[in-house]
Amino acid sequence: MKRTIKKVAVLGSGVMGSRIACHFAGIGIQVLLLDIVPKDLPADAKPADRNKIVNDALAAAIKSNPSPVYHKDVVKKISTGNFEDNMKDIAGCDWVIEVVVERLDIKQKVFEQVEQYRKPGTLITSNTSGIPIHMMAEGRSDDFKKHFCGTHFFNPPRYLRLLEIIPTPYTDPAIVDFLMNYGDLYLGKTTVLCKDTPAFIANRIGVFGMMAIMNVKEKLGLTIDEIDALTGPVLGRPKSATFRTADVVGIDTLVKVAKGVADNCPNDEARDQFTIPAWLDKMVTNNWLGDKTGQGFFAKKKGEKGEKEIYTLDLETFEYKPRVKPKFATLEAAKPIDDLYTRLKMLVAGQDKAGEFYRLFHYGLFSYISHRIPEISDELYRVDDAMMAGFGWEIGAFESWDVLGVAKTTEAMKAAGYKVAAWVDEMLAAGNRSFYKVEGGKKYCYDPSSKSYKELPGGNAFIVMSNYTDKQVWKNGSCRLYDLGDDVLGLQWFTKMGSIGGDVLSGIQTAIDKAEKGYKGLVIANEGPNFSAGANVGMIFMLAIDQEYDELDMAIRLFQNTMMRARYSSVPVVVAPHALALGGACELSLHADKCCPAAETYTGLVELGVGLIPGGGGTKEFVLRASDEMHEDEPETITLKNRFLTIATAKVATSAHEGFGLGIYRKGLDEVMMNQGRRIAEAKKSVIEIFDSGYTAPVQREDIKVLGQSALGALYSGVHAMKTANYATEHDALVAKKLAYVMCGGDLSEPTLVSEQYLLDLEREAFLSLCGERKTLERIQSVLKSGRPVRN
């Protein structure tokens, strides 16, 4: 049966329900969002009053930060109602998702209503985070059971990529296959097939990890601030680390899941790890549950200067105290190392208390995950997928074990009193030294049941360029160029936050040269946390501070020439960005033949944030596009002004969809990838399609209409008004005027047709002049000290 999803009903509009509805609407699906009728309403209450709960919940979700939608217009696809008046409307839906309160009796009551109205064959799923799926299906019809399973989204659904699929013994395997594929292809999720066991996969392992950390904390006498410093980005985990994550999730939720595992998993060998410490019980009793109650492990309080500061709970005195920055020799030595694999080895080998913490934590984690196979999953890669997609780990637990050396670490674990599951010993005894291996660009995972390696599912739909090390064509200090097969090359680089400096520009030029000599084209992408935060501002700062203006001029020319090389190569160049794609990375996207951005791509020309203008062709490209967009039926200055404001206010698209609205991505050409993991394969496919359709190198433009004085005066006037109203500083106004001058083509007496090179020269001259401004240098220095990317 060919199944199509056109309309989805979401039952329950709480935090999860409203945001799941927003995510479906974001991919273009019509959504019916229902909830209960408020209590004690008169019989003649108006629909607006009867739908108050659902409407208020949806409004709150739309206003929340971070936004649950890719762009505001998607809300138009969501209609609301209530269980009493509108449950009948689910008859017109293709998928019904239950997201009501976590009580089995209430869920069963809702399903009883659903069964009255759903049409046979309709998908029906539950978003429960822990109630056994099979228990919810009891008493339902055969058709209901056949089409029913668990679909556990993680909060917030737009940003956390995990979707756990949990079938019951009655679920039709075809339904499971459909949901696994739909979640991946359309919802952009990492779909993980789970067994119907307590807390499923991610929460079972994730909550074990948090409870184990709390127990190691007690053993080593570490503080909350020390634990969060040890378990954050340095370990390849989110900034929220351990205790901040608990505050965000809700300490009561953490305790509930831990108690659920302890109560429902009597044979769990690490069951004692889920015992709730007395101090954690006390926090629940005090209603110190984290963000939802205003205080948990952390609280905002007034500091000595009267400003609100974050204070940390002292678990000995139960008083909040100013945060203390931890100092560990191992931590300080590891922080400068960009490569996570190398950093992880250094952390675990540390000889101080931090090193001891890392060893105890990882030994406990590795022991636990080994014993969960095959209890919670037959395939160990699903455990890693769940932790990376659901908890934001950069590498999975089994992959971490590989990095540290399975045999070596297993030996150390046993010496320290930790046991591993028998299948791990059998794997090692058979001469298999790792859980994963890569051969011919394909990744394989050890399968304990067959005692052999099996290729990871997904095949050619998921290209990981790092798996192509045996097909490396060229490299330099930062870049790697791979043969991706089918006559397509792939380039990626390894720099801090993907910054673009001389090595990367050289890599792009070389990659294009090699592609032109024997390939169909080039894919440019990165596999780190971000595509690129932009140009290497540290290099710009050093050249500017030393007044090496000739060197700086050469560096800007190299950047401009590289972008133009991407635009005017004789083979197609397709860029596949994700996460941050700022400044110079945005300029690269602007010059590519096609972009295949992940839905979660945050892009923009942000150079004005440090007192510069886009100098790598970004300003030129916005003028070119404005020229192409000018129409006779509206003033030409309006089109240019909109483009000018986008750069002048350093606007950043908060999704790839918004990137179209900012004029960065092109409708009908660039293509958003809902699943980030598919973007490189799609980019490769696009290279082949463009080449095979008869690609010829474009010719540099010499017909770009610039407006000169006719627009320059209007833009200058706007800048002056912003400064007068104190919306812009003196320096902001200076930079904005430089930008206006370039975008108008200079002080020309009348509208004129100019070349790309003419605009590039103006752009470069303005960029160079701003590099000599003291305020610009101060802003760049501030960004460098913060370690954060340039933003508006």
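1. A pocket here is an open set of points, on a 1 Å grid over the protein atoms alone, where a 1.4 Å probe fits, with protein on both sides within 12 Å along at least five of seven lines; lining residues have an atom within 4 Å of a point. Grid points join across faces, edges and corners, and volume is the space filled by probe spheres set on them. This is a predicted model: local features need pLDDT of at least 70, side-chain atom pairs count only at pLDDT 80 or more, and totals for linings use all residues. Residues are numbered from 1 along each chain as its sequence is written.

2. The second largest pocket has a volume of about 620 Å³. It is lined by 35 residues; closest to its centre are Gly534, Ala535, Asn536, Val537 and Gly538. Two or more lining residues come from each of α22 (537-545), α23 (549-567), α24 (584-591) and α32 (774-786). Helices (H or I, at least four residues) and strands (E, at least two) are DSSP runs, numbered from the N terminus. Helix α22 gives the largest share, 5 residues.

3. Elsewhere, an open sheet of 6 strands runs β15-β16-β17-β18-β19-β21, with mixed pairing. Strands pair if DSSP finds at least two bridges between them. The edge strands, β15 (472-475) and β21 (594-595), each pair on one side only.

4. Strands β16 (residues 479-483) and β17 (residues 488-493) are antiparallel, over 5 bridges. Arg480 has Gln492 in β17 as its bridge partner.

Terms used. Side-chain values use heavy atoms; hydrogens and water are left out.
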